[in-house]
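User: I am new to this structure and would like to look through it with you. Could we take it one question at a time?

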Amino acid sequence: MSLSAQVAVRRGALDLAVDLEVADGEVLAVLGPNGAGKSTLLRVLAGLLPPDGGRVVVDGAEVWDDVAAEVRVPAHARHLGMVFQDHLLFPHLSVTENVAFGLRTRGVRRADARAAAGEWLERVGIAELGDRRPGRLSGGQAQRAALARALVGDPALLLLDEPLSALDARTRLTVRAELRHHLAGYAGSTVLVTHDPVDAMALADRVVVVEDGRVVQAGTPADVSRHPRTDYVARLVGLALLPGTAAGSTVRLDGGGTVAVAEESTGPVFVAVRPESVALWLSRPDGSPRNVWPARLVSATPHGSTVRCELDGEVPVLADVTATAFAELGLAPGAAVWATVKASEVAVYAR
Amino acid sequence: MSARREGAGVPVPLMVPAALGVVFLVLPVVGLLVSTPWAQLGPRLAEPGVGEALRLSVVSATLATAVSLVLGVPLAWVLARSRLRGRSVLRALVTVPLVLPPVVGGVALFLVLGRQGLVGQWLDAAFGLTIPFTTTAVVIAETFVAMPFLVISVEGALRAADARFEDAAATLGADRWTTFRRVTLPLVAPGIAAGAVLCWARALGEFGATITFAGNFPGTTQTMPLAVYLALQRDPDAAIVLSLVLLAVSLATLLLLRDRWLGRV
């Protein structure tokens, strides 16, 4: 159930021309600033907006859009699931009826549709809320119900439009971890649109960065954050996201090495280190930062007045240092350095 | 709190005309209540002509509302949702009866549906149907005058409703007709109800188009407003009693709408 799309849309100030390929079971994140055309792209894939040019093909054979051949499958005939930023659960239906809606329109009998809906509500952990109206759900519960509604019919394609950005910070962490779990179990192709690099890094197998309607970079999350091609990408995705297991205020990384964090947690987590919080030293420093790691400088790329340094070692992170500091330290690729980060500067998320 | 503070600060040049305005609007109603022969109210209401006129009014206004719903809700959808060209022209045409004097509407209906009319001629020749001066004519006249209220009201509700719910329905496999029935209609149901009440009240009070197109025959076309007008000329007390009935019905309508209108300060 792969997706292959070449989409061109010209609408007012927006000039969008993006090619996407998503394999079975793959999660592709489309990352970019507001107004880059990400949501327009998703609306085209969903069939809600006719493209001005290009093709959308599913499974290599099923043509949903082909402007040249004047083929256009309407939205309701495309077998897909979509999750919107503000869930858009129908306010006049109960949660169960919302989740069963797509099955009912596709001709599933009422009792069977309700049973399948109940099963999915169980899977997303809100089985007991089935009789409620969406207005009486919290943001996190509503977004879980919206995910169940999108996935219940086992669609070929799952479209997620900023699925976490309407949630408050705490709920966001839990729902993100759950979403990750559900995406791992989903066999179809997923396109996730987001402006939050953490969502893209934590959820996607591959990232496409879109700026002003054009793809400026594509690759794995690690790849994109290590070798940003534009200043925008550098600022956006410099985050090093490291998987590990937390025990109190210490996280043991899956790749070896430990990281001290300020917030206590337990179990599998992601540790996120922003490049601007990493300082570099030529010899082991004595000071307050609790994270002091030996590392080797792999590469250095200037971005404006700072230089992004890629470090290799037990804890592979990126460091942004000013161009002056970089010159004074006399750093060159291959140099041995010490990297320090304050524990309070390290973010830790459940995964 | 804030309402009280603002109320205390109303400048005299605004306060005086505002107070006069209230008096102007309320005084006639008070006058009606004061002049009502309360002792005779029971027997007066029991007079055969009153019940007949009231029944005819309620039935024809309800039928006019039903016709308006069947034709008006789809029309409102077309105005609010379709990408039809010339929609603004269409909207202007639909709202003409709102500003047209009802008598003119009656004349126009007569010219089209009358025995010599454009369509009426054909109806007469083909089916032997004559519309003017029948209860059907009452319903048609009332529908003509009242339907725009429903259309405007429902169109407003449709515009206010979030169209993205319809997008969500489409991604769940619902075609536009299913989406209309199962998502759009329930979402704008309060707006449709308000429009229907408004439409019904307007139909109930219809006078000019009805008397022009349907005439004034007790039992078939004499609705309450016509009965009031006629009674005033021969028996003012009867007119007052009939007016009181219409006032009661209007107030009931207002109560039905209070959440929508009076609640919105």
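User: How many residue pairs are in polar contact between chain A and chain B?

Analyst: Happy to start there, and please keep in mind that this is a predicted model. The count takes in pairs with both residues at pLDDT 80 or more. Between chain A and chain B, the number of residue pairs in polar contact is four.

User: Which element gives the largest share of the side of chain A that touches chain B?

Analyst: Three elements of chain A give two or more residues to this side: α1 (38–46), β7 (80–83) and α2 (95–105). The residues of this side divide into 12 nonpolar, four polar and five charged. The largest share is four residues, and the element that gives them is α2(A).

User: Which side chain meets R164(B) in a salt bridge?

Analyst: Across the interface of chain A and chain B, the rule finds two salt bridges. In one of them, R164(B) has its partner at 2.8 Å, N to O. That partner is D86(A).

User: What is the area buried between chain A and chain B?

Analyst: The size of an interface is often given as the accessible area lost when the parts come together. Here 21 residues of chain A are in contact with 17 residues of chain B. Carbon and sulfur atoms give 68% of the buried area, which is about 1700 Å².

User: How many helices and how many strands does chain B have?

Analyst: Read from the N terminus on, the elements of chain B run α-α-α-α-α-α-α-α-α-α-α-α-α-α. Along the principal axes, the C-alpha atoms of this chain fill a box of roughly 70 × 65 × 35 Å. The secondary structure of chain B comes to 14 helices and zero strands.

User: At what angle do the axes of helix α4 and helix α13 of chain B cross?

Analyst: The contact joins V50(B), A53(B), L54(B) and S57(B) of α4(B) to M224(B), P225(B) and A227(B) of α13(B). These residues divide into six nonpolar, one polar and no charged. The two axes come within 8 Å and cross at roughly 145 degrees.

User: Where in chain A does UniProt place the feature "domain: Mop"?

Analyst: The feature comes from an unreviewed UniProt entry. Over its stretch the chain is 11% helix and 54% strand, with the end C-alpha atoms 31 Å apart. UniProt places the feature at residues 286–350 of chain A.

Terms used: Residues numbered from 1 in each chain as written. Chains lettered and ligands numbered in written order. Heavy atoms only, no water. Contact = heavy atoms within 4.5 Å. Buried area = accessible area lost by both parts, 1.4 Å probe. Salt bridge = Lys/Arg side-chain N within 4 Å of Asp/Glu carboxyl O. Polar contact = N/O pair within 3.5 Å; in protein donor to acceptor, adjacent residues only side chain to side chain. Nonpolar A, V, L, I, M, F, W, Y, C, P; charged D, E, K, R; others polar. Axes fitted to C-alpha atoms, helices over the stretch in contact; angles between N-to-C directions. UniProt positions renumbered as here; feature names shortened; annotations may be inferred.
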